[in-house]
Amino acid sequence: MVAGSISHEIESPVEAKRLWNAFVKDGHNLLPKQVPEIFSSITLLEGDGGVGSIRQINFTPANEEFSYVKERVDEADEEKLVYRYSHVEGGMLGKKLASAKYEFKYTPKPNGGTVCSSVFYYDSLPGVPNDEAKIKEIKDMGTALFKKIDDYLIANPAAYS
């Protein structure tokens, strides 16, 4: 088993609180509407969306590796704009990964805009090699997804204010 992490940072002209509201507070509605080619639905299975809540993300056939993942919210700090969650079922768990945890921070920039930092922490299953091409693919997909929502917020300045 290999423990690792993938870090990524993206800058946006959008205010940090709006990004938080869009991705964290309303992502279950926004992502399937704005990125329907990837997300077919996101359903809250347990809780109210806060710490301990479980949600299921269902993917379209465009995601060839898995059809769904269940996530547990580990932290949702609206003051610090930090969001952490863990995969508890589906996704690559049991296929390539023993565990998968994510952390997102939305940091306001002094002159406006936001730096969004993300870290993906994982433990791979024994015998699964480190795949640099897959790491690049994960970062590129994350950037494309972020950019799509970022563009939506820029085009709709009243949304999530």
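Before we start: axes are lines fitted to C-alpha atoms, for helices over the stretch in contact, and angles run from 0 to 180 degrees between N-to-C directions. Keep in mind that this is a predicted model.

**Exercise 1.** Work out how helix 1 and helix 2 are set relative to each other, and which residues meet.

*Solution.* 
- Step 1: take the axes. Those of helix 1 and helix 2 come within 6 Å and cross at roughly 85°.
- Step 2: classify the angle. Anything from 65 to 115 degrees counts as roughly perpendicular, so helix 1 and helix 2 are roughly perpendicular to each other.
- Step 3: list the partners. On the helix 1 side you get Ala22, Phe23, Val24 and Lys25, and they meet Gly27, His28, Leu30 and Leu31 of helix 2.
- Step 4: sort them by class. The contact of helix 1 with helix 2 splits into five nonpolar, two polar and one charged.

**Exercise 2.** Now characterise the packing of helix 1 against helix 3 (residues 132-155), handedness included.

*Solution.* 
- Step 1: the two pack at an angle of about 120°, and their axes are 11 Å apart.
- Step 2: that angle makes helix 1 oblique to helix 3.
- Step 3: the crossing of helix 1 and helix 3 is right-handed.
- Step 4: Arg18, Leu19, Ala22 and Phe23 of helix 1 meet Phe146, Ile149, Asp150 and Leu153 of helix 3.
- Step 5: in the contact of helix 1 with helix 3, six residues are nonpolar, none polar and two charged.

**Exercise 3.** Describe the second largest pocket: its volume, its lining and the elements that supply that lining.

*Solution.* 
- Step 1: the second largest pocket has a volume of about 220 Å³.
- Step 2: 14 residues line the second largest pocket, and the closest to its centre are Val24, Lys25, His28, Asp48 and Gly49.
- Step 3: helix 1 (16-25), strand 2 (39-46) and strand 4 (68-77) each supply at least two residues of this lining. Strand 2 gives the most, with three residues.
- Step 4: the lining of the second largest pocket comes out at seven nonpolar, four polar and three charged residues.

Note on methods:
Residues numbered from 1 in each chain as written. Predicted model: local features only at pLDDT ≥ 70, side-chain atom pairs only at ≥ 80, totals over all residues. Heavy atoms only, no water. 1 Å grid on protein atoms, 1.4 Å probe; cavity = no way out; pocket = protein on both sides within 12 Å on 5 of 7 lines; lining within 4 Å. Points joined across faces, edges and corners; volume = space filled by probe spheres on them. Helix = DSSP H or I, 4+ residues; strand = E, 2+ residues; numbered from the N terminus. Nonpolar A, V, L, I, M, F, W, Y, C, P; charged D, E, K, R; others polar. Parallel < 35°, antiparallel > 145°, perpendicular 65-115°, else oblique. Left-handed = near helix turned anticlockwise from the far one by under 90°. Contact = heavy atoms within 4.5 Å.
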